[in-house]
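Please examine the sequence and the structure displayed here.

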Amino acid sequence: MSNTKYILGHFEDPDDLMHGIEQLQANDISIYDVFTPMPIHGIEAKLGIKRSRLPIAAFCFGITGTITAFLMIFYMLVLDWPIDIGGKPAFAFPDFIPVMFELTVLFCSFGMVGTFFFANHLFPGRAPRVMDLSATDDRFIIAIDAKKNPHLDKIDHLLKTAGAVEVKYNERKYVSYE
Amino acid sequence: MGNHSHNHNFSELFKFSGKPRVWCLVAILIGIISVGYGFFTGDMERTFANLLLMAYYITCVCAAGLFFLAIQYVAQAGWSAGLVRIPQAFARVLPVASVILIAVCAGGLYTHELYHHWHAEGLTDPNSPHYDAVIAGKASFLNMPFFLTRLVVFLGVYSIFSFVLTKFSANEDMEGGLNSYRKSITWSAVFLVIFGFTTPIWAFDTIMSLEAHWFSTMFGWYNFAAMWVSGLCAITLTVILLKKSGHLPWINESHLHDLGKFIFAFSIFWTYVWFAQFLLIYYANIPEETVYFYKRWEPEYLPWFWVNIVINFICPILILMTRDAKRRMNTLMYVCILLLCGHWLDYYMMIMPGTVAEHRGFGIIEIGTALGFAGLFVFLMLSQLSKKALVPIHHPFLEESLHHQI
């Protein structure tokens, strides 16, 4: 048992899972993470998860796109190669706006996809990090760091009374390094 | 999550009495006096332009309520079930608002105060000194009988749908079951198709034909965006004010967040369409098209041209960008009020240069007419709202709406 790194409590019902979280929190056992096959409303607040900083990243990517587009067109159409288009001045700002808008969207969406891959360690050719594959199917899983919470019997008991159908003791964090 | 526990009193009715009722009646009185003042002092065209502006505005807000309702049914949306009675009340006002709009248009045509660019003596007669070849070419579409027929048919059809959809919801309250809901989905889908094809023509007729030489195919969508944003703001403002007065306790900040997202997104959509129309005209630079912006670029209108964009685009995008702003009731309320004023200005910028042009004004007639119509709309809408329970008690997704959380 001493090699156990993570304890995984498997639940078949989200209500039992929520009940399990409450029981663990009432006994001061820290929860490492929770995996569910579908979104459960209110679980972030219950686990005390901080608000995602993804919107800030999105804003930064977006504004980078806007500035890139502006500088690019400004260099092309005003500095490097001014062309007379319909008698308009070279620096015809309304013409810039569609391109600035589109590059904002493009940078923002690519940046968000990149951030998502980065945050989740998903890269081409790399196996995704999964603590238990059944969480992608029909099981609701609470993961507990065994090093921080040494009272395994108590955790086992709490999980089972809360309605866990199975409790696993994993000696490695992820099942899918292969 | 399976627990059907709530302690809301759904049988409570909204009572429309006391101060709100008095204020509405005062506003209507101010409106009547202002319009009377406008006619009495001889500002016929300006008064008619203001009547058209506000009649069109409230008809659009009512139609947007109906559109909101139809979208919720077609999408089988659950989040909005707790607040659909408000757009339903909007939809119930649509027939009255339509009659007013038709009366204003017919009155404007009859007195030649509105639409005289295409409706005047001799415009289509080649032998007349007033002959106008462009208008003559459009006469088979822009003539008084066909114009009024279109308006009556479109608004009549919308009114029928508003009657039917609210009727289904009332039946649902009595009978329960999914029968009414299923029928609502079908009728809503049919309505959305009809509405989508006819609103641009409605906007071409009532507003764009004020400057009959000019045309823009973007104009219909531009008006639709304005209609939708102002309708959403009116719905949200009604929800917030009702909640502040102690009604709708089941509406939580997630509902407000969703409404706020709608307003935020469609303010950007409004700008998108506004700019799409502007850019094409600017880029092509054809005199018969640029005349529209030329008029609005005159010193008389130029400051308001920019104020329009600041209020309707820059303000909502900066104020409503964060999640917290959309969830804070007061912030959302002020943005709604700002946007409702902003879209009044938007309609003002559409209508005034084509009617009163350099004789435009902002005074008793403008403020009084706006107040009067706003009072009339609120009066009718709250009267309709007080007739039914504030919640469709047998709505299949009501439970989802009560637990709405994002």
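Lys167(B) is partly exposed, because 15 other C-beta atoms lie within 10 Å; a residue counts as buried if 20 or more other C-beta atoms lie within 10 Å of its own, as exposed if 12 or fewer do, and as partly exposed in between, with C-beta atoms placed from the backbone. This is a predicted model, in which local features need pLDDT of at least 70 and side-chain atom pairs count only at pLDDT 80 or more, while totals for chains, interfaces and linings use all residues. Residues are numbered from 1 along each chain as its sequence is written, and chains are lettered from A and ligands numbered from 1 in the order in which they are written.

- Lys167(B) belongs to helix H5 (residues 144-175) of chain B; helices (H or I, at least four residues) and strands (E, at least two) are DSSP runs, numbered from the N terminus.
- Gln88(B) is 79 residues from Lys167(B) along the chain, and their C-alpha atoms are separated by 9.7 Å.

**Helices of chain B**

- Helix H3 (residues 85-111) of chain B has 27 residues and should span 39 Å at 1.5 Å a residue, which agrees with the 39 Å between its end C-alpha atoms; the expected span is 1.5 Å times one less than the number of residues.
- H3(B) has a kink of about 40 degrees at Leu94(B), shortly before the proline Pro95(B); the bend at a residue is the angle between axes fitted to the seven residues ending there and the seven starting there.
- Helix H13 (residues 364-385) of chain B reaches 31 Å from its first C-alpha to its last, close to the 32 Å expected for its 22 residues.
- H13(B) is mostly covered, with 16 of its 22 residues buried.

- Most residues other than glycine have a negative phi.
- His112(B) counts as partly exposed because it has 14 C-beta neighbours inside 10 Å.
- Glu113(B) is found in the loop between H3 and helix H4 (133-138) of chain B, and Glu113(B) is partly exposed because it has 18 C-beta neighbours inside 10 Å.
- Apart from neighbours within four places in sequence, Glu113(B) is in contact with Met44(B), Glu45(B), Phe48(B) and Gly108(B); contact requires that the C-beta atoms of two residues, placed from the backbone, lie within 7 Å.
- The C-alpha atoms of Glu113(B) and Met44(B) are separated by 6.9 Å, although these residues are 69 residues apart along the chain.
- Asn285(B) also has a positive phi of about 60 degrees and is not a glycine; Asn285(B) is placed in the loop between helix H8 (253-284) and helix H9 (287-296) of chain B.
- Asn285(B) counts as exposed because it has 11 C-beta neighbours inside 10 Å.

**The two chains together**

- Eight residues from chain B and nine residues from chain A form the contact.
- The side of chain B that touches chain A has five nonpolar, three polar and no charged residues; Ala, Val, Leu, Ile, Met, Phe, Trp, Tyr, Cys and Pro count as nonpolar, Asp, Glu, Lys and Arg as charged, and the others, Gly among them, as polar.

**Confidence**

- Chain A averages a pLDDT of 89, and 97% of its residues score at least 70; pLDDT is the predictor's confidence in each residue, from 0 to 100.
- Chain B averages a pLDDT of 93, and 99% of its residues score at least 70.
- The model scores ipTM 0.80 and pTM 0.90.
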